[in-house]
Amino acid sequence: MNNLLVLPVLLPMAIAVLLMFFRTKTQLQRVIGLLGGIANVGIASIIVLRVREHGIQTLQLGGWAPPYGIVFVADMFAALLVLAASITGLAVLIYSFSTIGQKREEHYYYTFFHFLLVGVYGSFLTGDIFNLFVFFEVMLISSYALITLGGSKKQMREAPKYLLINILSSTLFVAAVAYLYAAVGTLNMAHLSQRIAEAGQGGVLNVIAVLFLIVFSLKAGLFLFFWLPGSYAAPPFAVRALFGALLTKVGLYAIVRTFTLIFPYDSSLTHTWIAGMAAATMILGGIGAAAYRDIPRILNYNVLIGVGFVAFGLSTGTRDGMEGVVFYMLHDILSKGLMFVLGGMLIAAAGTDRLDGMGGLIRRRPGLGWMFFILALALTGIPPLSGFAGKVLIVRGGLEDGMLTLSLVALASSLLTLYSIIKIFREAFWGVEPQTEPEAEMSKARPGLANVSAVVLLLFVIGLGVGANGVYGPVSQAGETLADPSLYIEAVLKE
């Protein structure tokens, strides 16, 4: 029993409720949110240390022993993701202070922000697949509010598509959970793994597995991403940073957890599907990032490339692939948060989101320019930055499994990532400065604390790469649990 596991959920929930009573006191909201964010980073760090020293931690809520009660589980994979999400959430919160605007702040922006974090942390820590659905819905309902808050034309145009897709996927999620319970009679993830192993994964269980894959792929943007580039371009950049860094990772986490723990017994079917979807996502995401000339879509398609890379690592089924998935997801949470923060700062400085209207920014904002350059190298996987270790492990896992074609696709997508971000760096910072006046809505934005947010995330992106040897121990521990689900099952179902 470890009561610490519930704190990453309870703390932002309490803060979200508390902030409702201070709607017009924006400075007080910022202080409370900032203190809560710092506390959550501390709690997540303690959980990681405890898992590192004592193994997988569990908490049976209400004293009901699994598989009958609700259980929170922190293996190293979940603990590391909670820590990375806490750091990124804090940085995006700081970025929000100077960019989101007082009107949104006075209409419960910070309340919805923290409720979204409740859903993210709960999804990572729950050991019950129905409660995974519950935390998904907490996260999604908050995202519905955030994507519409402000009521711009673009938001009102994209929000219905975003809502309809997620409502559809949530309906399929409930149906999949119901079918699964009817088939095996339990919803505890560890117990599900045992029951499916005993029954043999085939027939109706494979149909249910594919249904779960469709549901989580819709939420993660894995192949079924037609909704994402437009929807993620609608809200302010602080919200885009939150969505791009965290929401797709929750969907990816669900895929990884489901197909390494619950449905790992017929990989010739499920992992083949995942491999094909990963390849298509990397190819289409890379083409989209290279083809567009407006910054929001370039950044959104780069999110998809990362999603495809993680799915490729999962499809290998190797120990190296699993370790690569863990390392790359940590990198992706931090680097995608940084990508959207820098993208927002760039558009604010240029006064337009079109590359055709930018140029000469290196003279006015050299720090921003060089941070963008370092980000390009990190996203590509250039050593010693954070993307290198995860990509090497994933590609090595693919080669071990004989997936040469998919490994080459992954490497090609990295080159397209480099091309798309360097295109922004070259044209926005080194191009000829335009003589046009910046758009009023964009020109009024101020860097403010955005610089602090960007520097914090950049330091973590660099540190994760430079300190890869030190991080590899926890990553290897997480990869071991993913590769050997019996470790998770024994920790949860122990007497």
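D294 is buried, with a relative accessible area of 12%, where buried means under 20% relative accessible area, exposed means over 50%, and partly exposed lies in between (1.4 Å probe, protein chains only). The place of D294 is in the loop between α12 (267-291) and α13 (295-316); the helices named here (H or I, at least four residues) and the strands (E, at least two) are DSSP runs, numbered from the N terminus. Not counting residues up to four places away in sequence, D294 touches D353 and R354, and contact here means heavy atoms within 4.5 Å. This is a predicted model, in which local features need pLDDT of at least 70 and side-chain atom pairs count only at pLDDT 80 or more, while totals for chains, interfaces and linings use all residues. Residues are numbered from 1 along each chain as its sequence is written, and side-chain values use heavy atoms, with hydrogens and water left out.

D294 also belongs to a network of salt bridges that links R293, D294, R354, D356, R426 and E427. Side chains of opposite charge can pair when their charged atoms come close. The rule applied to this model is that a salt bridge is a side-chain nitrogen of Lys or Arg within 4 Å of a carboxyl oxygen of Asp or Glu, and by this rule the count comes to 14 salt bridges. One of the pairs is that of E427 with R293, whose closest N and O atoms are 2.4 Å apart. Because E427 lies in helix α18 (residues 404-430) and R293 in the loop between α12 and α13, this pair ties together parts that are 134 residues apart in sequence. E427 counts as buried, at 16% relative accessibility, whereas R293 counts as partly exposed, at 27%. The side chain of E427 also meets that of R426 in a salt bridge, at 3.3 Å from N to O, and R426 counts as partly exposed at 40% relative accessibility.

Another salt bridge is formed by the side chains of R396 and D320, with a distance of 3.0 Å from N to O. Since R396 lies in helix α17 (residues 386-400) and D320 in helix α14 (residues 319-350), the pair ties together parts that are 76 residues apart in sequence. Here R396 is partly exposed, with a relative accessible area of 41%, while D320 is buried, with a relative accessible area of 12%.

The place of A468 is in helix α21 (residues 468-483), and A468 is buried with a relative accessible area of 17%. Leaving aside its neighbours within four places in sequence, A468 is in contact with F327, A389 and G463. A468 and L385 are 83 residues apart in sequence, and their C-alpha atoms are 8.9 Å apart in space. S86, in turn, lies in helix α3 (residues 76-99) and is buried, with a relative accessible area of 2%. When the neighbours within four places in sequence are left aside, S86 is in contact with N40, V41, A44 and Y121. The side chain of S86 makes a polar contact with the side chain of Y121 at 3.4 Å; a polar contact is a pair of N or O atoms within 3.5 Å, where within protein one must be able to donate a hydrogen and the other to accept it, and residues adjacent in sequence count only if both atoms are side-chain atoms.

The strands come next. In a regular strand the side chains alternate between the two faces of the sheet. Strand β1 (residues 57-60) is covered on both faces, with Q57 and L59 on one side and T58 and Q60 on the other, all of them buried. Four bridges join β1 to strand β2 (residues 71-74), and the two run antiparallel; two strands pair if DSSP finds at least two bridges between them. The bridge partner of Q60 in β2 is V71. In the loop between β1 and β2 lies W64, which is exposed, with a relative accessible area of 57%. W64 and I38 are 26 residues apart in sequence and 32 Å apart in space, C-alpha to C-alpha.

One part of the surface remains to be described. A nonpolar surface patch of about 690 Å² is made by L7, L10, M13, V17, L18, M20, F21 and Y108. Patches are made of residues with over 30% relative accessible area and no salt bridge, with like charges joined within 9 Å and nonpolar side chains (Val, Leu, Ile, Met, Phe, Trp, Tyr) within 5 Å; accessible areas come from the Shrake-Rupley method with a 1.4 Å probe, and for residues only the protein chains shown count as cover. Among the patch residues, L10 lies in helix α1 (residues 7-19) and counts as partly exposed, at 42% relative accessibility.
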